[in-house]
Amino acid sequence: MKLKKLFYIGALASLASCTQVEPPKAIGPTPSERQLAWHDMKYYAFVHFNMNTFTDMEWGTGGELPEQFNPSQLDTKQWAKVAKEAGMTGIIITAKHHDGFCLWPTETTEHSVKNSPWKHGKGDLLKDLSEACAEYGLKMGIYLSPWDRNHADYGQPEYVKVFHDQLRELLTNYGEIFEVWFDGANGGSGYYGGANETRKIDNKTYYQWDKAEAIVRELQPNAVIFSDGGPDIRWVGNEEGWANETNWSIMRRDEIYPGWPRYVELRSGHEDGTHWLPAEVNVSIRPGWYYHPREDHQVKTLQQLVKIYYESIGRNGNFLLNLPVDTRGLVHETDVARMMALKQQIDKDFEVDLAQGQKTSASEVRGSDMRYSANNTIDGNPDTYWATNDSTVQASVTISFDDPTEVNRILLQEYIPLGQRVKHFIIDAEIDGKWKEIDGQTTIGHRRILRFNTIKATKIRVNILDAKASPALSNIQLFRAPNFLTEPVVQRKKDGLVHLSVPDKKLELYYTLDGSGPTVDSNAYGAPFLVSTPCTLKVAAVDPDNGQSVVISKNLDISKKEWKVIRASSGNELETDRMIDEDPNTFWATDEKVSKPQEVVIDLGAVYDLSGFTYWPIQERYPYGIITNYEFSTSVDDKKWKITATGEFSNVVNSRIEQTVRFKPQKGRYIKIKGTKVDGTDFRASFGEIGVLTVPGKQHAQKK
Ligand code: FUL
């Protein structure tokens, strides 16, 4: 009896002490409700579908005609079904891109679906999509380009009113909108109501961003606003699909404006940020943002998509995957198949949380109060968290298994309503009775996933070594993802020889050169082989016990064996080969101090029927001299030259992928590429790789 009484007094005392332990205080900027809801959306679709789909462009000039917008089987329900089945949570649609064509019957301009043949001008794509999203339980977001290459008043205050009115229409008529996406690409050449000229605006002031923000807050208070610098979420500083390993959700936001040149900082945020401004990783499932039939074989491979998943969602970002809907108005079959493959793979990777139900312990628990215990990290409840006393920034949580257990993934989440705190942590594992460091990283944030080689451990310890304030972790999960079948790598050398390889040595490689899908009955790869005429190479890796990898496909044209750069308007002539060495990662550039557009002349060694050319921009981390506008000429004798193509490499600065230009077949042995406009303030031009396209079946090169 006495004992029982003592127990009650003890229990009451500890209850009393519980109520005295205050939760940790927030440190630095913290997320708003709408930002918190956005963090949970994790993975959603971008759909680039608009006039460019029909003109086969990335950036329309604005001079297109509404009649050109004519999808044959447009079905927004197919988009929503695909997105839902892929595990996505929403769809953001390009309601208006830089060319100014509006996918809804706006009252602000005649340049819209109402003057197109689609549904006899009675269609409203935004309405269709909002219904489809509602049916599939998805949220809808809108992309509205501030830059409008169609509008006659662009550059004047009148256009800004149009832009704001368009925003109002979109936020009023289509139900709940979760995200408003403002592009940073701004000002430049365009049709502008027929003026066909270049117009410059001041990115910081022209659009009256404070007014635009007020419109969003008034009409859609739960929507987050995306732009280079928010105000709610930020661009991640590249269009390749990755955030930095160090990724703060905070930034010195007041420094940033649309087109901010220090985009490298967007990849990692600012440790001393003044505002919550988390990163969204936007990337297309194909090289371009819009649909181009020529990219049907360039849909990102499963391996590439898995990598992007881990380097976006796994690095404290959200993943915005773009689907270039095709001219029918459907997500292409190949893209659908790849998205489903990604879903299956991710489901397998995260199938069983091995931490659940295991024993946890911590080096310290805040005020010894079990409301902050280590067990909160594995209870599946995002609102509970493990915390330490205020003065402690170095602390650890250990998860113990009953038996040695195979692990190769760890997922960590901080309790972000208290701010982002962790600056440095390591993961240790107890293997055969000895502790071993498995990985060491910097930030965690809302979600961090680490991949490491499979270990068989009895304990896993998350060891925080430095933090801005006492750590607060809400979630730790452990997984054993299945082994992944690696994909073959194709390398063609300047001599025309094709080398195939695969990191996993036990795999066998099979290939075809006629466009058919390789099987184990196709050519087995033994040694490099010669390809000197245009063809489509397809390669697959096969594991006798584990099936076949995805097929890698590559279009190969004539070999560059006889090619020589015979002239360059400036620059180091000894290294010019780097632009024709079949390796886009090596580059060549003209001199920096030049006062006019730069050009190079290449001798192909023989006359060919040329039908196009390709340009890989420089792939350096800090690029320069990217050609944005080109002039391409051909000649059979290096005396009489003909300008074969001129134009713009749209979006090449943001997205440094191979550019392909096709033209009416021309005979030519010499080619000249001039950078009539380059990114930056001088005329310096750089070249990652130059290639040509020749007419299939007409590769009869005539030697001189
Ligand atoms: C860029 C645009 O210029 C591209 O065309 C695309 O829309 C991409 C998502 O953003 O800045």
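**Exercise 1. Find out how many residues helix α9 has and what span is expected for it.**

Start with the ends: α9 covers residues 333-349, which gives 17 residues. (Helices, H or I with at least four residues, and strands, E with at least two, are DSSP runs numbered from the N terminus.) Next, take the expected span, which is 1.5 Å times one less than the number of residues. For α9 that comes to 24 Å, and the helix reaches 24 Å from its first C-alpha to its last.

A quick word on what you're looking at: this is a predicted model, where local features need pLDDT of at least 70 and side-chain atom pairs count only at pLDDT 80 or more, while totals for chains, interfaces and linings use all residues. Residues are numbered from 1 along each chain as its sequence is written, and side-chain values use heavy atoms, with hydrogens and water left out.

**Exercise 2. Work out which residues of α9 are buried, and name some elements that cover them.**

First, the cut-offs: buried is under 20% relative accessible area, exposed is over 50%, and partly exposed is in between (1.4 Å probe, protein chains only). Applied to α9, this picks out D335, V336, R338, M339, M340, L342, Q345, I346 and D349. Then look for contacts, meaning heavy atoms within 4.5 Å. The cover includes β1 (43-47), α4 (76-85) and α8 (302-312), along with strands such as β12 (317-323).

**Exercise 3. Decide whether V490 is buried or exposed, then list its contacts beyond four places in sequence.**

Begin with its place: V490 sits in strand β20 (residues 489-492). Its relative accessible area is 14%, so V490 is buried. Leaving out neighbours within four places, V490 is in contact with V498, H499, L500, L537, V539, I552 and K554. Now check K538: it is 48 residues from V490 in sequence, yet their C-alphas are 9.5 Å apart.
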